[in-house]
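Subject: The structure you asked for

Hi,

My notes on what turned up follow below.

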Amino acid sequence: MTIKSVLVANRGEIAVRIIKAAQSLGVRTVQVHSAADVDMLAVKLADEAVNIGSPAPKKSYLNIEAVISAAKAAGVDAIHPGYGFLSENGDFADAVVAAGMIFVGPSGDAIRLLGDKVAAREVAARAGVPTVPGSGGRVADLTQAHEIAARTGFPVMIKAAAGGGGRGIRIVDSLAELDKQFPLASAEAAAAFGDGGLYMEKVITKARHVEVQIFGDGENFVHFYERECSLQRRRQKVWEEAPAFQLPQVVRQKLCESAVALAREVKYKGAGTVEYLYDDSTREFYFIEVNTRIQVEHPVTEMITGFDLVQEMLKVAGGAKLSVTQDDIRPHGHAIECRINAEDPLKDFAPSPGTISRLEVPEQEGVRFDTMLYEGYTIPPFYDSLLGKLIVWGETRSECLKRLRHALDGLKIEGVPTTVPLHQALAQSAAVQTGAFHTRFLEGWLDTDFACKDKVRPEVA
Amino acid sequence: MSKLEIRSPLPGTFYRTSSPDAAPFKADGDAVSESDVVGVIEVMKTFHEITAGVSGKNIVFLCDNEEPVMAGQVIAEVEG
């Protein structure tokens, strides 16, 4: 292990997760934080903490210079970016290396290549991974947009080539709408991302969102099987599972092998995720994008495979070969992760920063709670509302759901409204038990089933 | 003539404009009516419009653009 010290360039639960993984490897940890995050758990747990700026992310967690100079001053060997913030910023990865440190993740070039959705699609196609029918590249103009729509049929999605996080997406149902939305989408993309480039994709209705965890050391590549992330609200994942619900074995094998082929194509180094849409009715899957970082939902993969992916990231970044071969990775059982957010699900998910007056975490076999919370902690309003993730494992999916219901009842978070009641309702719902998943399922369910308040037992008055 | 207060309903970051290049919703000295939007507050990466809630003239902002605010903090005053 060549990394003796690491700076954590993130906050919240993922910062805590990275610190614990590093400490278990005997690595010294340095936590950067904004002025609003002096009291956060990661600051308390780290060996050293550095204030790098004011609360606004662009003045602290997104400030490349501030992060690099804190790292230099602290004398660390490496920087772990977590997810979000600078984690998929190729220029940041390059700046870390230029400053003589290790970036815990792929190279700046790999991040840029896979971060450009059009280029990533071309890489996928080269690796033999099926892509969603569409433009296959940037759309030159409206005339070409018409040709593509004629080939794929409606509805068709217009997406910003440089977009992300569900931003810059428009779905159109007709030529008239295409004519209207295409120039608007381009102007918006130019304003938001400094790049007006667009591409087009056929909309796969009732698609499931299935993704494969990949890992590489630059020469060897493996997958840690797939996750299902179909339960989303406003394109933000709410609930994730591993393995995917009733995915035929032959599809699972093809899917996972295609993700490894893609990793090999770009000589991938570190942890990554290849995202797909999967159509139950045709059993076809289509590549969407690659996330070149650890993901929020990585724990479900850890629970079914028994590997610590964040420790593995630190080892590989330090120059070690992958500690496992594909044959070593054998999934066992079923895991579900519920994202617990500081939002009130009974009031249209209104964000709810505030002070945690009580925290009780269930101690139960197969239950893990990755969190940033402690009693007395005041959640600042400036960042993401994710407070923690409740991850539950069982031998079978039904045992997992049973344990999850019990664990959710035992999880007491008081002081602010949270999404715990939403998860309690989901864990009891027939739809989740029968796996009636697709990416637009949750919003409809929220309007119809969740609106029946008697099904919900609010934890917080 | 009385002073009426416009308070932030939520803690977060206060913006006087809808986007970085847009003109402010209201300039100091403007008149406002109850339903007028006077600013936007960013809370946990979501944006919420703040409506005046009162009618009056000569609005004076007590908060700068992009300033962190607490729930209940007075953002502006108008003459009622």
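Let's start inside chain A. Domain 1 and domain 3 of chain A bury about 2,300 Å² between them, and carbon and sulfur atoms give 65% of that area. On the domain 1 side, A:Glu13, A:Arg17 and A:Glu88 lose the most area to domain 3, together 27% of what that side buries. Do keep in mind that this is a predicted model.

In case you want to find the domains on screen, the assignment for chain A runs like this: domain 1 covers 5–104, domain 2 covers 133–202 and domain 3 covers 208–455. If you take the centres over C-alpha atoms, domain 1 and domain 3 of chain A sit 24 Å apart. Their contact involves 33 residues from domain 1 and 30 residues from domain 3.

What holds charged partners across that boundary? The rule finds four salt bridges between domain 1 and domain 3 of chain A.

Which elements of domain 1 touch domain 3? Helix H1 (12–24), helix H2 (41–45) and strand S5 (102–103) of chain A each supply at least two residues. H1(A) gives the most, with nine residues. Sorted by class, that side of domain 1 has 18 nonpolar, eight polar and seven charged residues.

Next, the place where the two chains meet. Here 11 residues of chain B are in contact with 13 residues of chain A. The area buried between chain B and chain A is about 880 Å², and carbon and sulfur atoms give 69% of it. Three residues, B:Met44, B:Lys45 and B:Glu66, supply 57% of the area that chain B buries against chain A, more than any other three residues.

Across the interface of chain B and chain A, the rule finds two salt bridges and one residue pair in polar contact, both residues at pLDDT 80 or more. Strand S2 (12–15), strand S3 (37–43) and strand S4 (46–51) of chain B are the elements that give two or more residues to the side touching chain A. By class, that side of chain B has four nonpolar, four polar and three charged residues.

B:Lys45 deserves a moment of its own. Its side chain meets that of A:Asp384 in a salt bridge, at 3.5 Å, N to O. B:Lys45 is placed in the loop between S3 and S4 of chain B, and has a positive phi of about 70° although it is not a glycine. Is B:Lys45 buried or exposed? With a relative accessibility of 52%, B:Lys45 counts as exposed.

A:Lys206 is not a glycine, yet has a positive phi of about 55°. You'll find A:Lys206 in the loop between S8 and strand S9 (208–217) of chain A, and A:Lys206 is exposed, with a relative accessible area of 62%.

Now have a look at helix H6 (residues 117–126) of chain A. Seven of its 10 residues are buried, so the helix is largely enclosed by the rest of the structure. Among the buried ones are A:Val118, A:Ala119 and A:Val123. The cover over the buried residues of H6(A) includes helix H5 (108–115), strand S8 (198–202), helix H9 (249–265) and strand S13 (284–291) of chain A. A:Asp116 caps the N-terminal end of H6(A), with a side-chain oxygen 3.0 Å from the backbone nitrogen of A:Val118. After H6(A) comes A:Gly128, with a positive phi near 80°.

Finally, two prolines in chain A. The peptide bond from A:Phe154 to A:Pro155 is cis, with omega near -5°, and A:Pro155 sits in the loop between helix H7 (142–152) and strand S6 (156–160). The bond from A:Ala242 to A:Pro243 is cis too, with omega near -5°. A:Pro243 lies in the loop between strand S11 (236–242) and H9 of chain A.

Happy browsing!

How values were computed. Residues are numbered from 1 along each chain as its sequence is written. Chains are lettered from A and ligands numbered from 1 in the order in which they are written. Side-chain values use heavy atoms; hydrogens and water are left out. Contact means heavy atoms within 4.5 Å. Buried area is the accessible area (1.4 Å probe) that two parts lose on being put together, summed over both. A polar contact is a pair of N or O atoms within 3.5 Å; within protein, one must be able to donate a hydrogen and the other to accept it, and residues adjacent in sequence count only if both atoms are side-chain atoms. Helices (H or I, at least four residues) and strands (E, at least two) are DSSP runs, numbered from the N terminus. Ala, Val, Leu, Ile, Met, Phe, Trp, Tyr, Cys and Pro count as nonpolar, Asp, Glu, Lys and Arg as charged, and the others, Gly among them, as polar. Buried means under 20% relative accessible area, exposed over 50%, partly exposed in between (1.4 Å probe, protein chains only). Domain bounds come from an automatic or database domain assignment.
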